[in-house]
Amino acid sequence: MDLLEVKNISKTYGNGEAAVHALKNVTFSVPKGEFVAIVGESGSGKSTLLNLIGALDTPTSGKVFIDGKDIFSMKERNLTVFRRRNIGFIFQSFNLIPELTVEQNIIFPVLLDYQKPDKKHLEELLTVLNLKERRSHLPSQLSGGQQQRAAIGRALLTRPALILADEPTGNLDSQNTSEVISLLKEASRLYEQTIVMITHSQSIAQTADRILRVSDGRVTDFGRCRE
């Protein structure tokens, strides 16, 4: 079953001679539980693609289905709730709230949704992420790798069907990069979550199940990296 379906997505910025065609009729699908890497040069359109999948931007034309739901047919309020509950975001810059502790940052999206965090799942994540001893620390008291693990925990706590990661290892050294990628792969396996990750690194891309390359606004599917 395909968790994500992208159908004939196009995105154009500007008009007339000044128009920039960031994406051109992009179509692909991702089965539930698959870990997909998106690669491409700067300016190729890969970040635009990720933003459209995550409903952080709207397409000029085309559709995106997540778990069978046409997300751009939803009213804005319904889309906001759907995105919060079904999509987890991991960014290169971590985007942690500096005044909140690790635990508070992780549970923040749940509180924002007026829900109570699943304490058992929280403890499980803190253990998997090796953050139990850092749960009361502020982001400024953490290493870069620990901050990114906290950001991953925040993305995973609501058990979203889809995780979107934009260069999640861009600010990390090689050891922390390896740990973060392993955590994402483990999340995909443990929680059957679909992960779409942008990366500039070919070696990191090779750890995914499948590689998509974006070039000049078009997507080429390089197929599965391994069976």
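Contact here means heavy atoms within 4.5 Å. The model is predicted: local features need pLDDT of at least 70, side-chain atom pairs count only at pLDDT 80 or more, and totals for chains, interfaces and linings use all residues. Residues are numbered from 1 along each chain as its sequence is written, and side-chain values use heavy atoms, with hydrogens and water left out.

An open sheet of 6 strands runs in the order β6-β7-β8-β3-β9-β10, with mixed pairing. Strands are DSSP E runs of at least two residues, helices H or I runs of at least four, numbered from the N terminus. Two strands pair if DSSP finds at least two bridges between them. β6 and β10 (218-224) are the edge strands, each pairing on one side only. Strand β6 (residues 87-91) pairs with strand β7 (residues 162-166) in the parallel sense over 5 bridges. Ile87 has Leu162 of β7 as its bridge partner. Of the 5 residues of β6, 4 are buried, so the strand is largely enclosed by the rest of the structure. Buried means under 20% relative accessible area (1.4 Å probe, protein chains only). β7 also pairs with strand β8 (residues 194-198), again in the parallel sense over 5 bridges. In that pairing, Ile163 stands opposite Ile195 of β8.

Helix α1 (residues 46-53) lies across β3 (35-39), β6, β7, β8, β9 (210-215) and β10, at about 150 degrees to β7. Angles run from 0 to 180 degrees between N-to-C directions, with axes fitted to C-alpha atoms, for helices over the stretch in contact. Helix α6 (residues 174-191) packs on the sheet and touches β3, β6 and β8. Its direction makes about 155 degrees with that of β8.

Key. Buried < 20%, exposed > 50% of the residue type's maximum accessible area, 1.4 Å probe, protein only.
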